[in-house]
Amino acid sequence: MSRIITVGAAQLGPIAREATRSAVVARLIALIEQAARHGCDLVVFPELALTTFFPRWYLADQVEVDSFFERQMPGPETGALFDAARRLGVGFYLGYAELAEEGGRTRHFNTAILVDKRGEIVGKYRKIHLPGHAEHEPWRRFQHLEKRYFETGNLGFPVFRAFGGVLGMAICNDRRWPETYRVMGLQDVEMVLIGYNTPVHNPPAPEHDDLSQFHNQLVMQSGAYQNACWVVGVAKAGLEEGVEQIGNSIIVAPSGEIVGRCTTLGDELAIARCDLDLGLSYKRSVFDFARHREPQAYRMIVDRKGATPPP
Ligand code: CDT
C-alpha cells in the first residue's frame, strides 16, 4: 500500500447562524469534489464544520443550543457527505457538535470523526482541551462558552490505522498543548488532523491578538517536528457573525516545514502529497523515543515539586 497520502486542507469561510445544514453540506461536498479532481485521498474540514461557531453566544434555551448538535452521524442531512466519500473515493475528517445518549443520560461533545474512502467511520475523537468559560460574561464583545456547552472528551487521544498509515485527531485548542501531540506521538502517530475556529481577538488577553497567526503556526510546526509526524490544521475563517476568525490553514511536514497553506479567508482547498515515511529519519534519530526519552527522570522532577527538596 502507498505510503503517500494526498491531503486537502478544506478550509471554510464563515457560516451564518441561519445557514441550513443542507446548504453547509453542499459547500463541503463541493470541496470533496474539487479534492477528488486533484487526486486527494483525504480532506480535512474545520472544527464544528456544520454550523456557525455557536459558543460565541450565551443561549439560555437548551432547545436552541441542541439545534446546533447532531444526534446521528451520518444523519438525514449529513448522509450525502458519506455518499460523496464513497462515490469519489475521498475520505474526510469532520468536526461537529455531538449529542450522544450514553450511560442513561444525554451528553454533549465537541467531536471529530475520520471517515475512510468507503464512507465508513474509522475513528472518533472528542475534544479534551475546552477553552473559554462556563458562565455568561457580559463584558466580553463575544462569548467563548465551550465549557458551558460541551463536556470534556472521554476517549483520550487514540490513533487509527487508516489510509495506509497511523492517524490521530485533535480539535482546535488541543493544538496549543504539547501533550496532545506527544500522547499520539507515543503511539507512533504519522499524521495528526486538526480543525479549528480561532477568533483574532482573545477578550481576556487582547495583547496576544497580533500574535494569533504566529501562535497558530508555532504550535503546529513544533508539534509536527517534536513528534516526527505530519500535521494538517484547518480553519473556519473570516468574518463570521461579526467575529473575525483567523484562516492560515496549513499542512506541516515532520521536519516542521509548512508545505501547503490557504491564502484566503473563504472556502479553499490547499493540497499536499504527504509521504508518511518522511517522519522515519526523525523517529530513528533525534526523536527516537525509546533511545532518548527519559520518562523516569521526568517523573522524579514532578514528584520533587513541593515535596522533599533535592539533596
Ligand atoms: N475553538 C477553540 O478552541 N478556540 C480557541 C480560542 C482561543 S481561547 C479562548 C483556540 O485555542 O484557538
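How many residues does helix 1 have, and how far does the helix reach from its first C-alpha to its last? In this predicted model, helix 1 runs over residues 21-37, so to speak a stretch of 17 residues, and spans 24 Å, close to the 24 Å expected at 1.5 Å a residue.

Which residues of helix 1 are buried? They are Arg21, Val24, Val25, Leu28, Ile29, Leu31, Ile32 and Ala35. Looking down the helix axis, you'd find these buried residues within an arc of 160 degrees, so they line one face of helix 1. As for partners, the buried residues of helix 1 pack against strand 1 (4-11), strand 2 (42-44), strand 3 (91-102), strand 14 (268-275) and helix 3 (79-88). Just past the end of helix 1 sits glycine 39, with a positive phi of about 80 degrees.

Now for the pockets.

| Pocket | Volume | Lining residues by type |
|---|---|---|
| Largest pocket | about 430 Å³ | seven nonpolar, ten polar, four charged |
| Second largest pocket | about 220 Å³ | four nonpolar, four polar, four charged |

The largest pocket has about 430 Å³ of space. Its lining takes in 21 residues, and the closest to the pocket centre are Asn173, Arg176, Thr198, Pro199 and Asn202.

Arg176 turns up again in the lining of the second largest pocket, along with others including Arg175, Glu179, Tyr181, Arg182 and Gln226. Helix 5 (178-185) and helix 6 (212-227) each give at least two residues to that lining.

Conventions: Residues are numbered from 1 along each chain as its sequence is written. This is a predicted model: local features need pLDDT of at least 70, side-chain atom pairs count only at pLDDT 80 or more; totals for chains, interfaces and linings use all residues. Side-chain values use heavy atoms; hydrogens and water are left out. On a 1 Å grid over the protein atoms alone, a cavity is a set of points where a 1.4 Å probe fits but cannot get out, and a pocket is an open set with protein on both sides within 12 Å along at least five of seven lines; lining residues have an atom within 4 Å of a point. Grid points are joined across faces, edges and corners, and a volume is the space filled by probe spheres set on the points. Ala, Val, Leu, Ile, Met, Phe, Trp, Tyr, Cys and Pro count as nonpolar, Asp, Glu, Lys and Arg as charged, and the others, Gly among them, as polar. Helices (H or I, at least four residues) and strands (E, at least two) are DSSP runs, numbered from the N terminus. The expected span of a helix is 1.5 Å times one less than its number of residues. Buried means under 20% relative accessible area, exposed over 50%, partly exposed in between (1.4 Å probe, protein chains only). The arc is that of the directions from the helix axis to the C-beta atoms. Contact means heavy atoms within 4.5 Å.
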